[in-house]
Amino acid sequence: MPLGKTRRFRASLNLALPLSLLMPTALFSAASVVPEAEFPLGRLELPETRTTREIRPGVTHVHVERGHHVEGQEGGHWAIFSGSLNNAAAISGLRECFQKAGLKVHEDRFQAPRGGEAYSVLSAGGFRSKAEAAAALAQLDCSGSLQVQHRAALGGWVYGPWTLDVIVIDPALYKGTLISARRPGVSVVSEIARAHQAPVAINGSFFHGYPPPGTEPTQLASSSGISIIRGEWYNEPDDGAVLFVENTGAGVKAWISQPHGELPLPQLKWLGSGETVTLTGINRMPRKGDELIALRPEIYEHSKRFGSVAADVLVLRLSKSGELSRANEERGAASRSSDAGDLILLGAGKWRAKLEAALAARERMALDLRVPGRPELSAFRGGPILIKNGEPVLADRRDVRYARTAAGIDAAGKIYLITIDSDRYDPPAPPADGSLGSVGAKLSELRNVMQFLGATDAINLDGGGVMVIEGELASRPVDPISGQIRERRYLDVLLLLD
């Protein structure tokens, strides 16, 4: 692997970065894949270090460390935070409790997304360390869900530090592919990357069913919206934003859509008569009315355990050979050996009677979940969209700092994959390599970074900020419970393949 080039600089002006420097007109050096100007995070004069290396021809990794922790200013930056409060009496009561304890109180107001209720978050005190704030919290007798956080969690914190990893993919030069991949249940990104020998991987879609603490890591999960894994439907679309990637004769292509576009759902075919009908859903339980839904067997078993299959829904197993049977019937070993290719069909309303008739007549059926003619298409449920057609999109939700993962595309088709670390504002002891901790990024900061890079379209993906390069973690995902560098598990990942 080529050695990276490191560049360190500090700006001399004590100014916030002007909006004009966020736009794609920022100057590039001949050898650089990102603008030479400082990243638009915090105050302009913050120290910034970059290391650049070529992963493959046309694939470049840029590691950025920017800013520093500020210790002891204004009495300290650790505070006791409330949860979200939308009741005036609760806000007043908690404020009074904080004040009786001699703590200075600050209120941040937010608007819930999509026209939801307004709410507030109260923060109290100014402590020099997390331990000092935790000791003060232990002495409080206030009602409500309270926790200790750094003030970087909210508002206009301008010091950082921030740690970013940026992958720039130039389809004109890169000869590999970009795909989605998964394993049954949820897996860490590095496991999937190593299994595919992928030079680069990041976490992908939002999903339901994350395993609770203490449960098996293979706890089953389903996407919270569209999921297409290399040309095959794994979950139906919703009205959310989608990142599409596809490998074409002209190279890797990526685009962002909301809603999902014009892809039709798969069709169930009666092999005897040739009749075909379009599914109404994939990998979910029926809603009211007429529903014809296909599920992976493991998703059905997971749903059944939690009692979410209604009594009036017909549940059939469709074998790989096209035979129908009731899903709960005992079958012999020879029949069970084909389970890997089986699907579960759910029929409600008119589709219950239709499937009952097919079962009684020993009809054979076929269901192909592949997207016709699109074997190299992948789709990830993301959101919110950060930039659309060159215009920034304002976040409609609480703009707080978390670990982030995002994807963007510029006018020339270059693809940008970004992770931003967050250690929940509690940096561990400085690593031996001298790297910084990171406070995470607000959605507005993530959008500004994408604009700075030149993206004309960009989308936020699932959180956690996991990037793996050559099978090893490049980012520093921090487990919020243990405080250790540790990957959380995901449903799917985005991989670069040679």
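Q: Is Glu96 buried, partly exposed or exposed in this model?
A: The model is predicted, so keep that in mind. Glu96 counts as partly exposed, because its relative accessibility is 42% and that class runs between 20% and 50%.

Q: And Lys100, buried or exposed?
A: Lys100 is exposed. Its relative accessible area is 68%, and the exposed class starts over 50%.

Q: What links Glu96 and Lys100?
A: A salt bridge. The closest N and O atoms are 3.5 Å apart. Both residues lie in helix H1, residues 88-100. They are 4 residues apart, about one turn of the helix.

Q: Why would such side chains pair up?
A: Side chains of opposite charge can pair when their charged atoms come close.

Q: Which parts of the chain does the pair Arg488 and Asp462 link?
A: Distant parts. Arg488 forms a salt bridge with Asp462, with the closest N and O atoms 3.5 Å apart. Arg488 sits in the loop between strands S32 and S33. Asp462 sits in the loop between strands S30 and S31. They are 26 residues apart.

Q: How accessible are Arg488 and Asp462?
A: Arg488 is partly exposed, with a relative accessible area of 28%. Asp462 counts as buried, because its relative accessibility is 7% and the cut-off for buried is under 20%.

Q: What about Glu48 and Arg50, buried or exposed?
A: Both are buried. They form a salt bridge too, with the closest N and O atoms 2.7 Å apart.

Q: How many salt bridges does the structure hold?
A: It holds 23.

Q: New topic. How many residues are in the largest nonpolar core?
A: It has 30. Trp233, Leu268, Leu345 and Leu367 have the most contacts inside it.

Q: What does Leu345 touch?
A: Leaving out residues up to four places away in sequence, its contacts include Leu268, Ile293, Leu316, Leu355 and Leu367.

Q: What lies apart from this core?
A: Another core, of 28 residues. Among them are Ala152, Trp162, Val439 and Val449.

Conventions: Residues numbered from 1 in each chain as written. Predicted model: local features only at pLDDT ≥ 70, side-chain atom pairs only at ≥ 80, totals over all residues. Heavy atoms only, no water. Core = buried A, V, L, I, M, F, W, Y, C linked by side-chain atoms within 4.5 Å. Buried < 20%, exposed > 50% of the residue type's maximum accessible area, 1.4 Å probe, protein only. Contact = heavy atoms within 4.5 Å. Salt bridge = Lys/Arg side-chain N within 4 Å of Asp/Glu carboxyl O. Helix = DSSP H or I, 4+ residues; strand = E, 2+ residues; numbered from the N terminus.
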